[in-house]
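Please open the model in your viewer and keep the selection tool at hand, as this tour goes from one stop to the next.

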Amino acid sequence: MSESNGINGHKPAGLQWKAGLVTSCNKYLTAEKFGFKINASGTALKNKQIWMLEQDLNEEVVYIRSFLGRYLSSDKYGNVTCDAEEPGPSEKFAIEYTKGTGKWLFRQIEHGNYLGNSGENVKCFAKSPGECEHWTVQLSIHPQVHLRNVNRKRYAHLKDDEIQCTEVIPWGQDALIILEFIEGKYALKTFDNRYLHKDGGLVDAMDDSSKFTLEIKSGQISGLAFKDNDGRYLTAVGSTASMKGRNKVVTKDELFTIEDSHPQVIIIAYNGKLASIRQGNLFWVSTKQMQKIFVLLTSHCQPSHNPACIFFCGE
């Protein structure tokens, strides 16, 4: 898994999520290179506006790390800095969620204050959240991903007009899930441009029933949860592990992780035959209709050399 999304799912020290944090004034939280200064002035999600939300394996808290590798912290006076090299008590934030809006609140654990802004200035002084303490969280990932259910240890894919979490290896276009970000919420779309409805069906047009807010859970069981407009979380239901909104509490079955979706290709020879493999690593040109799909990886290990392409087959 590459580092672009990769940390969104499988890191032994705890899950990490790359995201932009947007104020109620539609400005991104920004980390400056000079003096590790921070402000709320960004107008687009670029490198300085990308933050790593690091989950803790033992507590329901997150640590907020800038692209410079320094952690966001606050003192008892509400002053916010971002120069800590290691996370400690002052860097712990609990996440609270506002009903229906998809917005997050970051409450600093040590002093109980909420992270917010006053214009471009970032502060952590409010004992109760107001408008300026509400944040929209936008994942900083490529929208085409693989979605893995934490409990079932299987990937979501399109099957029988449903999204089912039954695939061991996310192979082929059916395992491609597209995350669309709309007004602070996310829609899950299949490769054939249909949206997941909260009842488990697939619909051609997006509406409120096919938009989900994001929540993350820290601790020994960590992951990402999708909440529908009825307050129910997407889960994998029954023997087919069909994705639909069902429960109003988050358990292991409601948690997901995200992985990169590498380009997958079909190789066609000059005579129209399809490249395939048979019994191991033997490369074969077949006349059969069953198409073999390969992942396309590029190598840039030697800057002085031309990039190399590697074709990987999942069988």
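Strands, like helices, are DSSP runs numbered from the N terminus, with a strand (E) needing at least two residues and a helix (H or I) at least four. The model is predicted, so local features need pLDDT of at least 70 and side-chain atom pairs count only at pLDDT 80 or more, while totals for chains, interfaces and linings use all residues. Residues are numbered from 1 along each chain as its sequence is written, and side-chain values use heavy atoms, with hydrogens and water left out.

Select strand β4 (residues 51–55), and within it pick out Glu54. Is Glu54 buried or exposed? With a relative accessibility of 11%, Glu54 counts as buried, a word that means under 20% relative accessible area, where exposed means over 50% and partly exposed lies in between (1.4 Å probe, protein chains only). The side chain of Glu54 makes a polar contact with that of Tyr71 at 3.0 Å; such a contact is a pair of N or O atoms within 3.5 Å, where, within protein, one must be able to donate a hydrogen and the other to accept it, and residues adjacent in sequence count only if both atoms are side-chain atoms.

Next, turn to the cysteines. A disulfide is a pair of cysteine sulfur atoms within 2.5 Å, and by this rule the count is zero. Cys132 is in no disulfide, since its nearest cysteine sulfur, that of Cys25, is 5.9 Å away. Cys132 is partly exposed, with a relative accessible area of 31%, whereas Cys82, at 4% relative accessibility, counts as buried.
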